[in-house]
Amino acid sequence: MSNYKEIFVKTDKCTGCLTCKIACAVEHSETKSLFSAIRESPRPVSRVYVEWLPGNAKVPVLCRHCEEAPCLNACISGAISRSDTNAVITDAGKCIGCWTCVMVCPYGVIGRDQTLAKAFRCDRCPDREIPACVGACPTQALVYETVDGFSKTKRKTVSRELLTREGA
Amino acid sequence: MTSETPFQHLTTDPAVQQMLAKAKENHISTVWDRYEQMLPQCGFGETGLCCRHCLQGPCRINPFDPGAETGICGANADVMVARGLDRAIAAGTAAHSGHAKHLAHTLLKMARGQAKDYKITDPVKLKKVAARLHIAVDGRADTDIALDVAKAALADFHEKDTPVLWAAGVVTPGRVEVLSKLGLVPKGIDHEVAEIMHRTLYGVDADPVNLLLGGLRCSVADLAGCYMGTDLADILFGTPTPLASQANLGTLKKESVNIALHGHNPVLSEIIVKVAGEMADEAVAAGADRINVVGICCTGNELMERHGIPSCTHSVSQEMALVTGAVDAMIVDYQCIMPSVASVAECMGTKVITTMDICKITGAEHIDVKEETAAENARQAILQAIAGFKKRKNKPTHIPALTNTVVAGFSTESIVAALSKLNAKDPLAPLADSIKSGNIKGVCLFAGCNNVKIPQDINYTKIAAKLLKENVLVVATGCGAGSLMRHDFMDPAKTRDLCGNGLFAVLNAIGEANGLGGPLPSVLHLGSCVDNSRAVEITVALANYLGVDINQMPVVASAPEPTSEKAVSIGTYAVAAGLPTHVGVMLPVMGSALVAKVLTQTVKDLTGGYFIVEPDPDKAADMLLQALNDRRKGLGLV
């Protein structure tokens, strides 16, 4: 439906450094600088998660901003809406902390703010051209691209592989 | 520097800007390119919240994750940060004292007749040092005294009945008392380094304040290493006296065999300078006009202060010397030598020659230099440079036509000698009186490096300019001295413009009394990074003269662009000595509010010194001035 960019994850590239988590928290702080964000109260929180699985796999997981977002449909207080850049966002002011969004989210990426007792999630950094986590990732495991663009790149890569194999 | 150039955000040195343009044109990767590729840097490392001290790790504490407040072993953020800082202090201490130990071995071999290329150049300094160590001097041969001094130096590295003599014997009586009370008198230099490694091991010290006290004690051992380095180098190679020289890339000469000596220790570089002087004919036979030896980093400072050898460039711009295409051999010893010089040299067809067993670089040629065969080894290296010149001589070079006039060579001894021209009986009186009268508001020592995160030299020049106008006497060492000399702060012709009236009057009076026909330079070059000891020696002498301790003196230190762990250990011993000490780059301690508070506040109640962490140079200058004013008030001075 849209040509908005999404945050895609390349699981094979994640080294589990958690730099994305730091960058996300700093971006969602008052001062937007690491050395001062660390002293803020309440402490800013990260909206991106990196899960570890046996075999030493590291997998960044974050809100997919689903086109048919279960959370958006389930929210009873009308706190969840779709922004003009197609992100699914939670309005903390309207959130009543019922955690229905948490129940229905297929990815488990909606968090509970410890101090505010409100739900929070990735907002794709509306003030930035590239989301902070993507900009911070040292291995490009996070990619900010349109669905079409991401697929196109993937097709190009697989095509090159195919040719190499045929030539071999 | 007023017009915008494309590289102004990387360096404020116009010669380096020119070379960056050439590097870009030739696709040569520089430190600035690699920094950009490294971004963003890891926030755990930046804040000190990353630990690799055991194999259960690596651990990192996410400061924004309330669920993970400790590492796997249970060490919290305070412990992790304090352990990390301690290890940086230990590394810096190991480096300075390794440098000093190398000199001690050289002195020992010389005294035993095993190193014929070395001699006692300054017997007066030898006796001064010996007397301080309670080594008998009267009626003894210099070599016998030297043997005892060398043995005493080596003995200071391990635990023995006495504390580290180069620490306990060089500070004010008041400082000895403070340090003793706090348990901060080091037992042996190597002992302190080893103890830091022990206590920061998996499952040892987990009390952040105890860890920081351990770090402070190790830093006092670093002071000892530095002081010993200066003492022994002065004995072997001469105590500096003021002399004129030049700085910056324009000191390389197209028609000469250019040898860049890079690193720190004068043990090799002194011999290269001497042997190069004897090999002029061979250079001429190869088609050169002469051999042109230039220095980079602290090797440059050591050679400049004793022989007036020009300083080519410093610290973060070391690769730029090679980008000129005019260097025929870069001969290095150790410390601050970026491994990248080998690849830049390869691009330019230059040879990098390593000389020390502990510092080899893949891609460089190695000549193993021993004190026993130093001149022979030096000759070998110089022949490589001459061979390099033959290959290079018909190729184009790009040497920026930029040099700066430098007057260097300010040791404690030479400063006292200069002051004695004003008052022969009481040489410290003119300086002490100027401080009391306010003609000199105080003293600021600039030390440390350049750091790729800061436009090269901008913090040094901005802070120094402001302090000089406020009549603060500025002294500088290491690449801090290098930075200021490349911006004319050591050119006496600029003293009038740079200094406030009170300071100018003092510098001018000293200059005139010494027959210079004008003032001293606005910033006094005290030498290399081990020569921070000279700043300590002068401060201690003044404090003793005034009958106060160092923590009362209107003296501050600043490392506005630090890089090396050596800058961390120097900064820490400045704090242990009792000085307000500015650092212009965030130390990796912000992950612990407790450690940050101890370093910037609590420690003040213990030693009187404290860290001022401020990246903004204008604010930093104001904070340093405020610290000086506070100290003046404490002494009842206006």
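User: Helix axes are lines fitted to C-alpha atoms over the stretch in contact, and angles run from 0 to 180 degrees between N-to-C directions. How are H9(B) and H10(B) oriented to each other?

Analyst: The model is predicted. In it, the axes of H9(B) and H10(B) come within 9 Å and cross at roughly 150°. Angles over 145 degrees count as roughly antiparallel, so H9(B) is, relative to H10(B), roughly antiparallel.

User: Which hand does the crossing of H9(B) and H10(B) have?

Analyst: Helix H9 of chain B spans 189-199 and helix H10 spans 208-237. Where H9(B) passes H10(B), the crossing is left-handed.

User: Is B:Leu201 buried, partly exposed or exposed?

Analyst: B:Leu201 sits in the loop between helices H9 and H10 of chain B. Together with B:Tyr202 and B:Val204, B:Leu201 makes a nonpolar surface patch of about 270 Å². Its relative accessible area is 44%, between the 20% and 50% cut-offs, so B:Leu201 is partly exposed.

User: Which residue forms a cis peptide bond with B:Pro40?

Analyst: B:Pro40 lies in the loop between helix H2 (31-38) and helix H3 (43-47) of chain B. Omega of the cis bond is about -5°, and the partner of B:Pro40 is B:Leu39.

User: What is the relative accessible area of A:Arg124?

Analyst: A:Arg124 is not a glycine, yet has a positive phi of about 55°. The residue is in the loop between strand S7 (119-120) and helix H5 (132-136) of chain A. A:Arg124 counts as buried because its relative accessible area is 5%.

Conventions:
Residues numbered from 1 in each chain as written. Chains lettered and ligands numbered in written order. Predicted model: local features only at pLDDT ≥ 70, side-chain atom pairs only at ≥ 80, totals over all residues. Heavy atoms only, no water. Patch = residues over 30% accessible without salt bridge, like charges linked within 9 Å, V, L, I, M, F, W, Y side chains within 5 Å. Areas by Shrake-Rupley, 256 points an atom, 1.4 Å probe, with all protein chains shown as cover. Salt bridge = Lys/Arg side-chain N within 4 Å of Asp/Glu carboxyl O. Helix = DSSP H or I, 4+ residues; strand = E, 2+ residues; numbered from the N terminus. Buried < 20%, exposed > 50% of the residue type's maximum accessible area, 1.4 Å probe, protein only. Parallel < 35°, antiparallel > 145°, perpendicular 65-115°, else oblique. Left-handed = near helix turned anticlockwise from the far one by under 90°.
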